[in-house]
Amino acid sequence: MGKKNSFLVQGSILAVSSILVRLIGLLYGIPLTNMIGDEGMGYYKNAFDIYNIALIISSYSLPLAVSKLVSQRSGKKEYRNSYRVFLCAMGFAFVVGTITSLVIYFGSGFLATVIYDEIRSAMPLRVLAPTIFVFAIMGVLRGFFQGKNTMIPTAISQILEQIVNAIVSLIAAYYLMKSHSASDDIAAYGAAGGTLGTFFGACIALVFLALVFALYKPILDKQLRKDKVGYTEGYSDIFSVLFITLIPVILSQTVYHLSSVIDNAIFGHVMASKGLIGEERSALLGIYGRKYNMLINVPVSIASALAATIVPGIASAKVMGNNLEIKDKVHSVIKINMLIAMPSAVGLGVLASPILQLLFHDSRSLPANLLYIGAIAVVFLSLSTISSAVLQGINKMNIPVIHSGISLVLHAILVYVLLQVFNLGIYSLVIGTVVFGLMVCILNWFAVKRYLNYKQEVIKTFVMPGVCAVIMGAIAYFSYFGLHSLLKSNFISTIAAILIAILSYGILILVTKTVTEEELYEMPMGRTIIRYANKFHLL
């Protein structure tokens, strides 16, 4: 019980920080979008898609890989070996981060032209290049702390990073656009300013993590002195294990993020052949990337946080041969994930236009329709993220790569057909995102069942949360339009509808016994929830 509670608490810490980071991103994204426009956001998104691929290849997978390897050794009290993992990973990050940063910086023009047929995307990409090196070093430190079963340094550093990012991005975008107001590339300059905050935010987060590590070093030295394990792994052996662990994770994450690059590339070339000019293509991609993708990624970030927590926990249990603990963790994380993902998807769908008006002052039908159609992707992407993490935790590292690769091929074919044959335009990318997530879910689900001999409880994990979410959605929908007809205020009506939705969903999952009292005890603040639920006779 205690282990599960600790796992859920650590996951909740990272999940809360991820939500805060996404909310900060939404808050500064509103004035940034208004400042640089949909065209500028198109360049911004193009640059970030290439940057994300480079980040994955060089360092994005380091936190997960390092946390897994450190956790495995710390679980057996091999503190010296776990520290050697840290040193090897730091060396890898330094070399690969430097090389990748230089390649992206000097190759930005070539990449922007070849992939997107849009040279203006090179400017923000060039600004992002040095961040890859900073993120590589930072990723090792985050992975080390996560492997030590504490998510607090990662959580605080993420929040600091995003706050600095928001402030610098807005200031830099404003002054760069002001300085180049007469240029035809003004939107690209704005996008470059928006990416400058990413670099400064990463630098501040790295400084914070370095200070935390310096404070932790005496405790680490004490652990090293107490290490009585006779076997010391050689650095060459650790590098081999690190590469074996990293490569499948890198490939899996690369395939996942490559879908966005492929989408943009297919969209750009197909729509150009149909006569759509560059500025219009970039504006549509800006809506898709900065509005649709940003909103659905807020709840998906919770799944990513839980995934980061569950990998070291499962890896440690696997080393100790505790299969019952592994199944218990898998059950808990999938159920909590669905309890959050399903109402999030329904809420984004039914309140799509009000939310877009609230955040972006955008009452157009196109962005709202993207959310109507594609909100279900939240469920599939969340479940695929968690199931991939489970497979990685039990050392089936290649399986998520294969599944993502299969899904990516089908996804690319589907997007091309929808664009070229059915002329669905930007809707093709949304449909492709939904199908990609669904395919990975299905394939991963069968793999988890096979390798763990695991059977997920269905009714209270999927069916009941789904039913409660649909009822919640109806309540939210009628609450919004009822209030809006009386108050004529989108701001008040949307906020009120969201609060009513949250309250109604919470009541529904309690009165229908979707969540049991025992499960609540294991959740963060579970005792407080039980006390109030009993007070109002909801349990």
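Trainee: Which residues are buried in H15?

Mentor: Buried means under 20% relative accessible area, exposed over 50%, partly exposed in between, with a 1.4 Å probe and protein chains only. In H15, Thr461, Phe462, Pro465, Cys468, Ala469, Met472, Gly473, Ala476, Ser479 and Tyr480 are buried. This is a predicted model, in which local features need pLDDT of at least 70, side-chain atom pairs count only at pLDDT 80 or more, and totals for chains, interfaces and linings use all residues. Residues are numbered from 1 along each chain as its sequence is written, and side-chain values use heavy atoms, without hydrogens and water.

Trainee: Why do residues three or four places apart point the same way?

Mentor: An α-helix has 3.6 residues a turn, so residues at that spacing point the same way.

Trainee: Which helices do the buried residues of H15 pack against?

Mentor: Contact means heavy atoms within 4.5 Å. The buried residues of H15 pack against H9 (323-350), H10 (352-360), H12 (377-393), H14 (427-452) and H16 (490-511).

Trainee: What span does H15 reach from its first C-alpha to its last?

Mentor: The expected span is 1.5 Å times one less than the number of residues. H15 (residues 459-487) has 29 residues and reaches 40 Å, close to the expected 42 Å. Lysine 488, with a positive phi near 60°, follows H15.

Trainee: How many helices and strands does the protein have?

Mentor: Helices (H or I, at least four residues) and strands (E, at least two) are DSSP runs, numbered from the N terminus. The protein has 18 helices and zero strands.

Trainee: How much of the protein is buried?

Mentor: Of its 539 residues, 56% count as buried.
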